[in-house]
Amino acid sequence: MKPTIVIVSHVVNDAVTHGFVPAAKAMDLHVVLITDHKFNHLKLVDQDNHFDPDDILECDVFNPLALIEVITEHHLIPEAIFSNSDHLQTSTAICAQFFNLPAKDWAVTLKAKNKHFTRQVLDEKSLPSTPSLLLHQGDLSQSKALNFPVVAKPKEGVASMDVQRCDSNAALESYCEMFWQKYPTSPILVEEFLQGPLITIETLGDGKNLFAVGGFDVELSAPPHFIETAAHWNGSQCAQFRDECLRQLKAFGVGFGVCHSEFIITDSGPVLVEINYRSIGDGREFLIDNLSHNLWFSTILRLHLGHELDENFNIEGSARVHYVVAENSGTITGTSTSFIDQEDDITTQQQVLKAAGEHIQQSYSNKDYLARISLSSPSGQALQPHLDRALATFNLLPIREVTA
């Protein structure tokens, strides 16, 4: 009988459907997907033969008790319980601990996901941080304690959604008013703005050691929003500050499994922006998989199966990604399509994320991506000419609606 792995998922996403599930199947595991969106995953099974879990079960995946019950009721004896969702790290960790399986520390996953908790931990441990406070609806008086500019964000947000720089108290009040119209009971985390370039650090831990396998130098859109527009694997900033970032993550409590963290490189050194206690997303997980000779997803799963990480595991080569971002709302026109091109060991992949005829409502977040152009070369070849070639022929753009 094949060993069973339970993969816990929320909405349909590429990392699970085209990364972790196929990797688990290739490892000859019995793959059970548990989700609160069963119908959408079943629909994909019918449409895509690369996504073929052995079973799909449904429950409230945000509730660890519900996860424990559905696993027990179906008489599953899992060898690993894993999730790659930002939202589900804590419930999955609690569930895995219940079954005495390798797991992340659920308290650390909670402190990582809740950005207000993150700032509290950094302060408690005397780690580099930035002044911050939590605002609730109807109480803006505390904001006067901070120096502008500030960054306002949901305390548990994702994908740069509703993140905005505010240069004055009036701008912050306007942001809060619009945010609370949409989310009247959600608090807002306000942080003093950190000046400097953004990098990511990607770590793997086997419960004994924590390794930084690399990271990205990231380009951002102009203020007041923070849309990631491009990223370069192991750029100069990441290479220079990786060890210090790793030290801070260890002190925070990051350890087991995969983790994606973001830092701003200030004049005094790196300061943590946020911890996403899962694999990097937005297509960059597949870039890393290409550079690692298709070992990224399987290596992460092996950690949850109790394997130690090979100290020689290394990810070399060159990789970069460019995101084509919609500059306004509208109906998309153009003819560009998705493709994969291979030249020597350079892989260029263009993934169209919004098709012609589709309407896009600008959100000033990663949801505004029209396409993702990813390039990788395990041997480290130059990628800019191939990116320029792809951008020269890309022609999708949203056309503004004409109002009477």
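What follows is a short chat about strands, a helix, rings and cysteines.

Q: What kind of model is this, and how are residues numbered?
A: It is a predicted model: local features need pLDDT of at least 70, side-chain atom pairs count only at pLDDT 80 or more, and totals for chains, interfaces and linings use all residues. Residues are numbered from 1 along each chain as its sequence is written, and side-chain values use heavy atoms, with hydrogens and water left out.

Q: OK, start with β1. Buried or exposed?
A: Mostly covered: 6 of its 6 residues are buried. Buried means under 20% relative accessible area, exposed over 50%, partly exposed in between (1.4 Å probe, protein chains only). Strands (E, at least two residues) and helices (H or I, at least four) are DSSP runs, numbered from the N terminus.

Q: Which way do the side chains of β1 point?
A: Thr4, Val6 and Val8 point one way. Ile5, Ile7 and Ser9 point the other way.

Q: How many bridges does β1 make with β4?
A: There are 5, and the two strands pair in the parallel sense. Strands pair if DSSP finds at least two bridges between them. Ile5 stands opposite Ala80 in β4.

Q: And how many bridges with β2?
A: 6 bridges, again parallel. Here Ile7 faces Leu33 in β2.

Q: What do the buried residues of α3 pack against?
A: They pack against β1, β2 (30-35), β3 (55-58), β4 and α4 (89-98). Contact means heavy atoms within 4.5 Å.

Q: Which residues of α3 are those?
A: In α3 (residues 64-73), Pro64, Ala66, Leu67, Ile68, Val70 and Ile71 are buried. An α-helix has 3.6 residues a turn, so residues three or four places apart point the same way.

Q: What caps the N-terminal end of α3?
A: Asn63 does, with a side-chain oxygen 2.9 Å from the backbone nitrogen of Leu65. After α3 comes His75, with a positive phi near 55 degrees.

Q: Switching topic. How many aromatic pairs are there?
A: A search of the whole structure finds 9. Rings of Phe, Tyr and Trp (its six-membered ring) pair if their centres lie within 6.5 Å; planes under 30 degrees apart count as stacked, over 60 as edge-to-face and the rest as tilted. One of the pairs is Phe20 with Phe82: centres 4.7 Å apart, planes at 50 degrees, so tilted.

Q: Where do Phe20 and Phe82 lie?
A: Phe20 is in helix α1 (residues 14-26) and Phe82 in strand β4 (residues 78-83), so the pair ties together parts 62 residues apart in sequence. Both are buried. Phe20, Phe82, Phe286 and Phe297 form one aromatic cluster.

Q: What about Tyr323 and Tyr369?
A: Their ring centres are 4.2 Å apart and the planes are at 5 degrees, so the pair is stacked. Tyr323 lies in strand β15 (residues 318-325) and Tyr369 in strand β20 (residues 369-377), so this pair links parts 46 residues apart in sequence. Tyr323 and Tyr369 are both buried.

Q: Last one. How many disulfides?
A: The count comes to 0. A disulfide is a pair of cysteine sulfur atoms within 2.5 Å. For Cys95, the nearest cysteine sulfur is that of Cys59, 8.5 Å away. Cys95 is buried, with a relative accessible area of 0%.

Q: And what is the nearest cysteine sulfur to Cys259?
A: That of Cys245, 12 Å away. Cys259 counts as buried, at 1% relative accessibility.

Terms used:
Polar contact = N/O pair within 3.5 Å; in protein donor to acceptor, adjacent residues only side chain to side chain.
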